[in-house]
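This report concerns the packing of helices in the structure shown here.

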Amino acid sequence: MFPLSIKGLRFAPEQRVVLDGLDLELSGEGISIILGPNGAGKTLLLRLLAGLLPPHAGSILWGAAALPDGRLAMVFQQPMLLRMSVFANVEFALRPQAMNAAERRARSDNVLERVGLAHRAKDCARLLSGGERQRLALARAWAMQPRLLLLDEPTASLDPSATEAVERIIREIRTEGAKVLMTTHNLGQATRLADDIIFLAEGRVQEHAAAQRFFAHPQSPAARAFLQGELPWRIAFDR
């Protein structure tokens, strides 16, 4: 699946240009976080990569292939859960894979234990709190052992405790070998999690740099303006 190479990606519904010739290349390691102003196309980029929408122009190459090998999962800001038990939500996602019932049960039990939901396995998923629902969505994706995990604002509506729990799970998934590509508006979260930052504005990647370098010394005027506008204090960038 890697390197993931995106060239000239364009998406312009009803003549409104959202992505305008976007170029990006990603390796298969680490956590890449997409930042940018509202309307920059962050969520749209994830949906295009997930195959939920077709681009109007440009190409996406997964290594040398035009399509991913199937080891791709996406978790949305508002997770979509089935009207089933917590356990069944995970187990059901594994049914298309070449696994027998015992293997599906074992893997489902394992990930629910790791995200702290084993004690809720028999409960209806719709009864979970917001933080628990997001942990369940991550467990379901984790059970599929993705090579690429797409996360769209996974902690947008969570309190600090629930956010910390979700961030811990994301780090564990990354440690087990998944590439994580994630959007967030939380700059503190970006500094905690990101190995590299992709900054989108005006339909293109304005900057792609290691996280420490991006926050200390952003190269593009758009990124500098964004950081100074988003934080409640003015930044004196390194020279």
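Contact here means heavy atoms within 4.5 Å. The model is a predicted one. On that basis, V86, N89, V90 and A93 in helix 2 meet L136, A139, R140 and A143 in helix 4. The residues of this contact of helix 2 with helix 4 divide into 6 nonpolar, 1 polar and 1 charged.

Helix 2 also has a contact with helix 3: V86, F87, V90 and E91 in helix 2 meet R104, R105, S108, D109, V111 and L112 in helix 3. The residues of the contact of helix 2 with helix 3 divide into 5 nonpolar, 1 polar and 4 charged.

The geometry of the two pairs is set out below.

| Helix pair | Angle between axes | Axis separation |
|---|---|---|
| Helix 2 (residues 86–93) and helix 4 (residues 130–143) | about 30° | 8 Å apart |
| Helix 2 and helix 3 (residues 101–114) | roughly 125° | within 9 Å |

At an angle of about 30°, helix 2 is therefore roughly parallel to helix 4. The crossing of helix 2 and helix 4 is right-handed. For the other pair, the axes cross at roughly 125°, which means that helix 2 is oblique to helix 3. The crossing of helix 2 and helix 3 is right-handed.

Helix 1 (residues 42–49) is largely enclosed by the rest of the structure, because 6 of its 8 residues are buried. The buried residues of helix 1 are K42, L44, L45, L46, L48 and L49. Just after helix 1, G51 adopts a positive phi of about 80°.

Notes
Residues are numbered from 1 along each chain as its sequence is written. This is a predicted model: local features need pLDDT of at least 70, side-chain atom pairs count only at pLDDT 80 or more; totals for chains, interfaces and linings use all residues. Side-chain values use heavy atoms; hydrogens and water are left out. Axes are lines fitted to C-alpha atoms, for helices over the stretch in contact, and angles run from 0 to 180 degrees between N-to-C directions. Helices (H or I, at least four residues) and strands (E, at least two) are DSSP runs, numbered from the N terminus. Angles under 35 degrees count as roughly parallel, over 145 as roughly antiparallel, 65 to 115 as roughly perpendicular and the rest as oblique. A crossing is left-handed if the near helix is turned anticlockwise from the far one by less than a right angle, and right-handed if clockwise. Ala, Val, Leu, Ile, Met, Phe, Trp, Tyr, Cys and Pro count as nonpolar, Asp, Glu, Lys and Arg as charged, and the others, Gly among them, as polar. Buried means under 20% relative accessible area, exposed over 50%, partly exposed in between (1.4 Å probe, protein chains only).
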